[in-house]
Amino acid sequence: MRGARITGWGIAMPPEVVTNFDLEDKMDTTDQWIRERTGIGARHVGGMTSDLAAEAGRQAMKKADATPDSIDMVLLATTSPDQTCPGTAPTVQDELGLDCGALDIQAACSGWVYGLITAHAFIQMGMNKVLVIGAESLSRITDYTDRGTGILFGDGAGATVVEACEGPGELLGWDMGSDGAYSHILYADPGDTLKMDGKEVFRQAVKAMIRSTNAALDMAGLTPDDIDHVIPHQANIRIVESAWKKLGFTLEQTTMVLERTGNTSSASIPLALNDALAHGRIKKGDKVLLLGFGAGMTWASAIVDWQAET
Ligand code: COA
């Protein structure tokens, strides 16, 4: 039996930090309002998506002891590609000196989980190592005169190496879904900034998290009580709290980095995963739920039986 598991991980954050107090100078808002309504305190901004992605990818490959010639595919989840065309994944492939296929995934904030599941499928087809990256430079498409969106987003990247292994591997259950009827509640037209109906996004996000978690749990034959650790998309702490009330998870078993990163879309889950691993919050044998939702609407969940030494 051939499975797959995550063997390496890494991140990249641009050095510039914009605090809520910095935003008070740009728009009619306060640190207190942003913290209470979202849980965000600061966000990193700057850099190009490809550079952030390559740096995170380099670290993940180092951790996995993966040489450039051993990577069979780059999957780059991003909502803020360097250019409309070509894709940004080939630039990352070139920056890392890889010799393989390279594909952008545009599934907004669910993109990295879509990539993780897709990597598992490619490994079933015979590939050995897939580099899965979530990277964003959302500050390039954020309107800092709009207090409804300008407070939320940040830049950064997180990457993982997914590698073939003997046995069933780590993926116990998964779910991917979308509902394009909600594309108008969060979108950016070409050359324009992000527009959002915040209240409706909030409502749909909570629904999507509950529905997707239940679908992945059903596939895995598990209940919420079996999950040791949860890493949700980092959009708003209140969205997470609302979904957890229905699902029965606690904030103690949840990794949140939102306070210092803001919403980094497809980078947010691998950024939080790296943080959980760096702080010893995930151990070998833990069942970890990775849960994304975002514009589209899209949603995706993966339940992994964590197998790497941390
Ligand atoms: N600073 C200060 N006041 C603000 C503000 C800001 N940045 N943004 C809105 N307000 C004001 C509003 O004008 C309104 O004032 P009023 O009562 O006088 O009319 C009041 O605060 C409440 O606004 P409301 O829009 O009801 O706030 P909210 O609790 O819904 O929070 C969001 C707004 C955007 C934080 C929230 O809807 C949200 O997080 N939605 C999901 C967004 C998201 O996660 N998007 C990405 C998904 S991947």
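**Close-up views of a predicted model**

**View 1. A nonpolar surface patch.** Trp174, Met176 and Met219 form a nonpolar patch on the surface, and their accessible area together is about 270 Å². Patches are made of residues with over 30% relative accessible area and no salt bridge; like charges are joined within 9 Å, and nonpolar side chains (Val, Leu, Ile, Met, Phe, Trp, Tyr) within 5 Å. A salt bridge is a side-chain nitrogen of Lys or Arg within 4 Å of a carboxyl oxygen of Asp or Glu. Accessible areas come from the Shrake-Rupley method with a 1.4 Å probe, and for residues only the protein chains shown count as cover. This is a predicted model, in which local features need pLDDT of at least 70 and side-chain atom pairs count only at pLDDT 80 or more, while totals for chains, interfaces and linings use all residues. Residues are numbered from 1 along each chain as its sequence is written, and side-chain values use heavy atoms, with hydrogens and water left out.

**View 2. Met219 in its helix.** Met219 belongs to helix H6 (residues 198-220); helices (H or I, at least four residues) and strands (E, at least two) are DSSP runs, numbered from the N terminus. With a relative accessible area of 43%, Met219 is partly exposed, a class between buried (under 20%) and exposed (over 50%), for a 1.4 Å probe and protein chains only.

**View 3. Surroundings of Thr298.** Thr298 is found in strand E13 (residues 298-305) and counts as buried, at 10% relative accessibility. Its side chain reaches the backbone oxygen of Ala295 at 3.3 Å. Leaving aside residues up to four places away in sequence, Thr298 touches Ala107, Ser110, Tyr114, Gly177, Ser178 and Phe293, where contact means heavy atoms within 4.5 Å.

**View 4. Two cis peptide bonds.** The peptide bond from Cys85 to Pro86 is cis, with omega near 5°. Pro86 is placed in the loop between strand E4 (73-77) and helix H4 (89-95). A cis peptide bond also joins Gly296 and Met297, with omega about -15°; Met297 lies in the loop between strand E12 (287-294) and E13.

View 5. Asp65 has a positive phi of about 55° although it is not a glycine. This residue sits in the loop between helix H3 (49-63) and E4, and Asp65 is exposed, with a relative accessible area of 68%. Ala108, likewise a residue other than glycine, has a positive phi near 50°. Ala108 lies in the loop between strand E5 (101-105) and helix H5 (111-124) and is buried, with a relative accessible area of 6%.

Technical notes: Polar contact = N/O pair within 3.5 Å; in protein donor to acceptor, adjacent residues only side chain to side chain.
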